[in-house]
Amino acid sequence: DLPRLDAEEEVAYIKGKMTPGTAKAAVDEKTRKPEIDFKQFDKSEIRVAEILNVEPVKGADKLLKFTLDAGDEGTRQILSGIREFYPDYQKLKGKKVMAVVNLKPRKLKGEMSEGMLLSAESLDGKKITLLEVSENLENGSLVG
């Protein structure tokens, strides 16, 4: 007969052996932002947007200019500082991504940016990846 193990006791033992910061996906405390309540988060309007066109911004090494169909009338332009992570940026055409569409427009390098594309940054800060969604989702679908 094998001895019976107490699962809770085993988990407590394993957790006790772990030291902070040793987990592979540990989040750096310096990058954490203060907590917000649901009402603050709910003010963000995040929608599915299809990338219709993407091109570099003249005079800006880091910026790409995206023309998007986010379910609005016409198209929406968003600038994103991810050019170094997408040397083959043309391959992004036709992809569906998530965009915050209710940010106040702002001018960057003489071009208007009407929102923000959502992306993920690797824990070591060396890679940024646009968050893509299923091509089955309609442009303008609300994310939340």
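## A walk along the salt bridges

Start by selecting Asp88, which is partly exposed at a relative accessible area of 49%. That label covers everything between buried (under 20% relative accessible area) and exposed (over 50%), worked out with a 1.4 Å probe on protein chains only. Before moving on, a word on what is loaded: this is a predicted model, where local features need pLDDT of at least 70 and side-chain atom pairs count only at pLDDT 80 or more, while totals for chains, interfaces and linings use all residues. Residues are numbered from 1 along each chain as its sequence is written, and side-chain values use heavy atoms, with hydrogens and water left out.

Lys91 and Asp88 form a salt bridge, with their closest N and O atoms 3.8 Å apart. The term means a side-chain nitrogen of Lys or Arg within 4 Å of a carboxyl oxygen of Asp or Glu. Lys91 is exposed, at 62% relative accessibility.

Next, zoom out to the whole chain. Of the 144 residues, 24% count as buried. Contacts here mean heavy atoms within 4.5 Å; among those with a separation of 6 or more, 56% join residues 24 or more positions apart.

Lys65 sits in strand S2 (residues 64-69) and Glu111 in strand S6 (residues 111-113), so the pair links distant parts of the chain, 46 residues apart. Is Lys65 buried or exposed? Lys65 is buried, with a relative accessible area of 14%, whereas Glu111 is partly exposed at 25%.

Last stop: Glu45 and Arg47. This salt bridge has its closest N and O atoms 2.6 Å apart. Glu45 is partly exposed at 29% relative accessibility, and Arg47 is also partly exposed, at 21%.

How many salt bridges does a search of the whole structure find? It finds six. As background, side chains of opposite charge can pair when their charged atoms come close.

Definitions and conventions. Helices (H or I, at least four residues) and strands (E, at least two) are DSSP runs, numbered from the N terminus.
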